[in-house]
Amino acid sequence: MYSSNLGLAIAIVVALGLAAVLAFIASLLVSNLKAGAQAREMAAQARREAQQKMHESSMQDLRPLVASLRSLESSEGASGWPIRFDIRVPHEVVPVFGIEAELEDLLSKVARYAAKVMSPGATLQVSARVESGQAVVHWRDLDASDASPPLARFLEATQAVGHASARVCERIASRHGGRIYAAPHAGGALGLTLRLPLPGQATSVAG
């Protein structure tokens, strides 16, 4: 009698253990199936975004896009524009393959942030050039007394408006195969640098 009960108890324990193992295996299988489906959806989304970007993109020259920032000083309702621009562009084309509206948005967002954090009447230098097989735009506060002025901390902005603008600029740079980051230029104070691949170059942009 005792042996029968013991055998039954052992059988129940073994059955429960086996059921737990099977349940665990089933949960892993379901989890893997969900992860696989999510990965496939993300890959499909990336392909759709890449195709959309290719469809909307065209050859752009960064020089007129940078030069157009001057219009902010005289645009309607901007008579009190607080800073000045020093635009530096070369004679040669600075070409990128991208979406004009997004590039304009990036340039404008940085300029508007600079207008909020730079001293009134200060000069924001914006230069464009081709360097080491990359298209480069650099912003710097020519009147900054600090080696790391507020402009250079744009990507660290924590206030809602500045933070949102910084994230948009990072996404635009990434969508165009480049990046934006804090860096000095020509011996000046720390500023911001945007690097984008030239047409036909690899989309990975090093600092």
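A search of the whole structure, which is a predicted model, finds two aromatic pairs, a pair being two rings of Phe, Tyr or Trp (its six-membered ring) whose centres lie within 6.5 Å, with planes under 30 degrees apart counted as stacked, over 60 as edge-to-face and the rest as tilted. In this predicted model, local features need pLDDT of at least 70 and side-chain atom pairs count only at pLDDT 80 or more, whereas totals for chains, interfaces and linings use all residues. Residues are numbered from 1 along each chain as its sequence is written, and side-chain values use heavy atoms, with hydrogens and water left out.

**Aromatic rings**

- W81 and F85 form a stacked pair, at 6.2 Å centre to centre and with 20 degrees between the planes; both residues are buried, that is, under 20% relative accessible area, where exposed means over 50% and partly exposed lies in between (1.4 Å probe, protein chains only).
- Y113 and F154 form a tilted pair, at 4.7 Å centre to centre and with 45 degrees between the planes.
- Because Y113 lies in helix α4 (residues 100-117) and F154 in the loop between β5 (134-141) and α5 (160-175), this pair ties together parts that are 41 residues apart in sequence.
- Y113 counts as buried at 15% relative accessibility, and F154 is buried with a relative accessible area of 0%.
- The charged end of R179 sits over the ring of Y181, 4.0 Å from its centre (the criterion is NZ of Lys or CZ of Arg within 6 Å of the ring centre and within 35 degrees of the ring normal).

**Chain as a whole**

- The chain has five helices and seven strands, taken as DSSP runs numbered from the N terminus (helices H or I, at least four residues; strands E, at least two).
- Of the 207 residues in the chain, 37% are buried.
- Among contacts (heavy atoms within 4.5 Å) between residues at least 6 apart in sequence, 69% join residues at least 24 apart.
- The chain exposes about 12,100 Å², of which carbon and sulfur atoms supply 59%, with areas from the Shrake-Rupley method and a 1.4 Å probe.

**A loop residue**

- S132, in the loop between β4 (123-131) and β5, has a phi near 50 degrees, a positive value in a residue other than glycine.
- Most residues other than glycine have a negative phi.
- At 70% relative accessibility, S132 counts as exposed.
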